[in-house]
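Student: I have a chain to go through with you. Can we take it question by question, starting with the charged side chains?

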Amino acid sequence: MNMLNRNTITGSLITVLLATSCTRDFDEVNTDPNKIEKVTPGSMLTPTIYGMSTYFTVRSYDFTWQLMQVGLPHPSSGNAAHWYYLQENSGNGTWNTCYRLLRNLREMDEAADEYDQPIFKAVAATLRAYIVGILTDSFGDVPFSEAMQAEEGINQPRFDTQEEIYHSLIEQLEEANRIYAAGGDMVGNDLLYGEEATAGDQERNWRRFNNSLLMRMILRMSKRTEQNSYQRLQAMIDNPDEYPVFTSNAEAALVKISGLTPYDYAWGRRQDYVNFEAMAEFFVDMLNELADPRRPLFMTRARRLENGEYVDLGYRGIPSAHSGDASQFNYDPSTPNGDLMVYTTLGTEIIEVMMSYAEVEFIKSEVAFFRGDMAAAEAAYRRGVEAAITQWKGGVMPDDYFENEAARFDGTFERIMNQKYLALFFNDYQQWFEYRRTGYPELPKTPHMLHQGQMPTRFMYHTDVRRFNRENYQEAVQRMGADDFHTKVWWER
């Protein structure tokens with residue numbers, strides 16, 4: 001596992017540790033002359049992007065794949081997420097990592113003020129919305145406005161409501177959009193958009209990312225009818241000059257990872273990605289029905305040993321939440337294709353998904369669908385499908401893809417969401433979040449699932465928060481209803 005998983009510090013402990021460190025009086029003799037005491041805003045950018053994308057790529061594999069029946073450990077017993085088995089510390093790593101990365105962004109924000117580089121305040125706002133969006137969608141109410149303010153004497157931050165958090169993040173994204181529009185040069189190593197950018201492209205792509213993320217956040221509130229999500233999104237769609245968003249895979253937030261130090265692949269060894277993991281039957285069967293060209297990119301072919309020789313079974317997974325007895329499978333199921341994430345030849349680029357162009361098109365398709373504009377819904381649906389296929393190395397859109405009845409737009413919301421589910425493959429927790437918002441795709445249940453097959457809707461709060469920030473923790477729990485895996489967050493109610 002990479003360094004992100006080893007350096008675990010909680011949001012509550014951050015404030016305590018910082019308060020302690022800030023009161024120490026170091027003598028001049030104890031000052032390291034080689035240490036940079038002031039960071040430039042650009043110096044924080046690539047470490048934060050790499051940390052985000054790599055950590056959540058692994059979490060997608062470890063957690064989202066199981067809940068959303070994409071892939072699962074094989075063999076495995078009943079103590080795994082695909083049985084809906086979660087522990088009280090299942091979200092601790094997410095909590096730790098999000099707050100650690102938010103500390104980076106606070107430093108970026110402060111450095112942007114000190115060096116008078118407002119465009120980095122916009123970048124910090126974009127990335128903050130990305131991280132806090134994952135954090136609050138995973139837990140509900142969390143410390144936000146008072147978080148990481150030990151220097152100001154706040155060691156036990158209050159938990160903001162998710163509604164407050166969403167409104168604040170949306171305001172920050174709106175302000176960032178205005179800053180990007182005003183222009184400004186970005187100086188610093190930019191792993192996401194800087195490597196091959198020509199003049200102006202870097203800033204324009206950050207603006208597109210910002211506004212695409214704004215669309216995601218507004219859509220997430222769609223069940224809260226008082227938020228008028230579809231009307232607000234349509235206003236953005238109708239005004240692309242003011243709200244430019246992704247219009248191609250080249251503009252999307254797809255982080256290119258070479259596997260060369262310091263940008264190692266998320267898995268240090270190929271076998272850690274491909275061994276002891278099987279693709280899930282639901283995911284594979286959906287791709288089979290579509291005759292989808294992503295199958296060889298995502299997975300190997302299944303096989304069975306017959307008379308001393310292996311027989312090819314095509315693409316075949318195993319059911320999630322099965323009985324736990326691996327001997328019931330008389331075949332070797334499809335497993336992850338190592339070349340998607342861990343090339344044997346270091347230096348071969350792979351991508352880690354922060355936000356895709358395909359997601360933007362599926363948002364547009366949903367908005368058009370609920371406005372009753374089926375022509376626009378279909379057009380965006382088709383663009384979304386093509387983008388989702390071609391964003392992967394080797395992905396080619398077949399000319400006859402939509403001639404398949406299973407792939408053709410059929411005028412239903414389910415068809416849009418099923419393809420969006422495939423498009424969100426390897427995209428942190430987004431499949432899980434969208435399932436909780438919409439109920440799609442319709443995942444099969446088994447009698448072996450815990451909690452009567454009820455999908456978990458959140459993580460429990462970090463175990464240390466209950467000890468070190470107990471009063472604010474109890475207030476948040478009372479407000480939300482309970483600190484368990486099935487409490488619905490604000491936008492789900």
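Student: Which residues are linked with Arg220 and Glu434 in a network of salt bridges?

Tutor: This is a predicted model. Side chains of opposite charge can pair when their charged atoms come close. Here such pairs join into a network that includes Arg220 and Glu434.

Student: Are Arg220 and Glu434 buried or exposed?

Tutor: The cut-off for burial is under 20% relative accessible area. Both Arg220 and Glu434 count as buried.

Student: Which helix holds Lys420, the salt-bridge partner of Glu434?

Tutor: Glu434 and Lys420 have their closest N and O atoms 2.7 Å apart. The two residues are 14 apart in the chain, with Glu434 in helix α15. Both are buried. Lys420 sits in helix α14 (residues 413-423).

Student: Where do Arg466 and Glu88 lie, and how many residues apart are they?

Tutor: Arg466 belongs to helix α16 (residues 463-468). Glu88 is in the loop between β1 (71-73) and α4 (92-114). This pair links distant parts of the chain, and the separation is 378 residues.

Student: Why do the buried residues of α8 line one face of the helix?

Tutor: The buried residues of helix α8 (residues 229-237) are Ser229, Tyr230, Leu233, Gln234 and Met236. An α-helix has 3.6 residues a turn, so residues three or four places apart point the same way. Seen down the axis of α8, the buried residues line one face because they fall within an arc of 155°.

Student: Which elements do the buried residues of α8 pack against?

Tutor: One partner carries Arg220, namely α7. Another carries Glu434, namely α15. With the remaining helix, the buried residues of α8 pack against α7, α12 (357-371) and α15.

Student: Which element gives the most to the lining of the largest cavity?

Tutor: The count comes to two cavities of 30 Å³ or more, and the largest has a volume of about 70 Å³. Asp137 and Arg220 are among its lining residues. α5 (118-139), α7 and α15 each give two or more residues. With five residues, the element that gives the most is α5.

Student: Which residue stands opposite Ala253 in β8?

Tutor: Strand β4 (residues 253-257) is largely enclosed by the rest of the structure, because four of its five residues are buried. Five bridges join β4 to the antiparallel strand β8 (residues 350-355). Opposite Ala253 stands Met355.

How values were computed: Residues numbered from 1 in each chain as written. Predicted model: local features only at pLDDT ≥ 70, side-chain atom pairs only at ≥ 80, totals over all residues. Heavy atoms only, no water. Buried < 20%, exposed > 50% of the residue type's maximum accessible area, 1.4 Å probe, protein only. Salt bridge = Lys/Arg side-chain N within 4 Å of Asp/Glu carboxyl O. Arc of directions from axis to C-beta. Contact = heavy atoms within 4.5 Å. 1 Å grid on protein atoms, 1.4 Å probe; cavity = no way out; pocket = protein on both sides within 12 Å on 5 of 7 lines; lining within 4 Å. Points joined across faces, edges and corners; volume = space filled by probe spheres on them. Pairing = 2+ DSSP bridges.
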